[in-house]
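Subject: Structure to look at

Hi,

Here is the structure I promised to pass on to you. Have it open while you read, and I'll go through what turned up.

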Amino acid sequence: MPKLTGVHHLALTVTDVDRSVPWYERVLELRETGRREDPATGLRKVRLQAPGEAFSVVLLQHPDTERGPFDERRTGLDHVAFTVPTYAELKQWERRLAEYGVEYSPAKASRTLPGSAVVVFRDPDGIQLEVWADIDS
């Protein structure tokens, strides 16, 4: 059986792409590489690329998106976790999030993956995002 080799993109439903795109560009340093709006269906889709083209995040706005708050306890997406190569870079993410006024939990050792640390924060729709690194790196 052929093996999966990576993640091509991550698609997130947001309530307002015009609010979310600048946040993802500024806070996560993603850059917009494509946009599609379908007047017939009301669907709005924006593709954001990570530096070095490691992966893409696609933000989708549906015309009938439920406006309720994000809740990782519902079936579907729980959270999205990104990685950085070193613990020092994880600490730099803390400073970056603070600089942009993003609330976050400071780096702490993971109970799930011993030897790792994680910083947790949320996007404008409340979707939980994380940045991970090995503690010994």
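Let's begin with a term: strands here are DSSP runs of E with at least two residues, numbered from the N terminus. Tyr104, for example, lies in strand 6, which covers residues 104-109. Keep in mind that this is a predicted model.

The whole chain

You can count 2 helices and 8 strands in the chain. Going along the sequence, they come in the order β-α-β-β-β-β-α-β-β-β.

How big is the thing? The C-alpha trace spans about 50 × 45 × 30 Å along its principal axes. A compact globule of 137 residues would have a radius of gyration near 14 Å, and the chain has 16 Å, so the two agree. Of those 137 residues, 37% count as buried. The chain exposes about 8,600 Å², and carbon and sulfur atoms supply 52% of that area.

Now zoom in on Arg44, in strand 3 (residues 43-49). Is Arg44 buried or exposed? Its relative accessibility is 16%, so it counts as buried; the cut-off for that is under 20%.

Which side chains make polar contacts with Arg44? One is Glu37, where the side chains are joined by a polar contact of 3.2 Å. Another is Asp18, whose side chain makes a polar contact of 3.0 Å with the side chain of Arg44.

If you skip the neighbours within four places in sequence, Arg44 is also in contact with other residues, among them Val17, Arg35, Leu59 and Gln61.

Asp18 is worth a look from its own side. It lies in helix 1, and at 47% relative accessibility it counts as partly exposed. Asp18 and Arg44 are 26 residues apart in sequence, and their C-alpha atoms are 9.8 Å apart in space. Leaving out residues up to four places away in sequence, Asp18 touches Arg35 and Arg44.

Next, go to the loop between helix 1 (17-28) and strand 2 (31-38), where you'll find Glu29. What is the phi of Glu29 near? It is near 60 degrees, a positive value in a residue other than glycine. Glu29 has a relative accessibility of 47%, so it counts as partly exposed.

Glu29 is also touched by Arg96, which contacts Arg26 and Val27 too, not counting residues up to four places away in sequence. Arg96 sits in helix 2 (residues 87-99). Its relative accessibility is 17%, so Arg96 counts as buried.

Helix 2 also holds Glu99. Glu99 has a relative accessible area of 62%, so it is exposed; the cut-off here is over 50%. From Glu99 to Asp125 there are 26 residues along the chain, and the C-alpha atoms are separated by 19 Å.

With a relative accessible area of 29%, Tyr104 is partly exposed. Which residues is Tyr104 in contact with, once neighbours within four places in sequence are left aside? They are Glu94, Leu97, Ala98, Val119, Val120 and Phe121. Tyr104 and His9 are 95 residues apart along the chain, with 24 Å between their C-alpha atoms.

One last stop

Finally, find Pro51, in the loop between strand 3 and strand 4 (56-61). Its relative accessible area is 55%, so Pro51 is exposed. Pro51 and Lys3 are 48 residues apart along the chain, and their C-alpha atoms are separated by 25 Å.

If you want a place to start, I'd go to Arg44 and its polar contacts with Glu37 and Asp18.

Cheers

Terms used. Residues numbered from 1 in each chain as written. Predicted model: local features only at pLDDT ≥ 70, side-chain atom pairs only at ≥ 80, totals over all residues. Heavy atoms only, no water. Helix = DSSP H or I, 4+ residues; strand = E, 2+ residues; numbered from the N terminus. Rg over C-alpha atoms; globule rule 2.2 N^0.38 Å. Buried < 20%, exposed > 50% of the residue type's maximum accessible area, 1.4 Å probe, protein only. Areas by Shrake-Rupley, 256 points an atom, 1.4 Å probe, with all protein chains shown as cover. Polar contact = N/O pair within 3.5 Å; in protein donor to acceptor, adjacent residues only side chain to side chain. Contact = heavy atoms within 4.5 Å.
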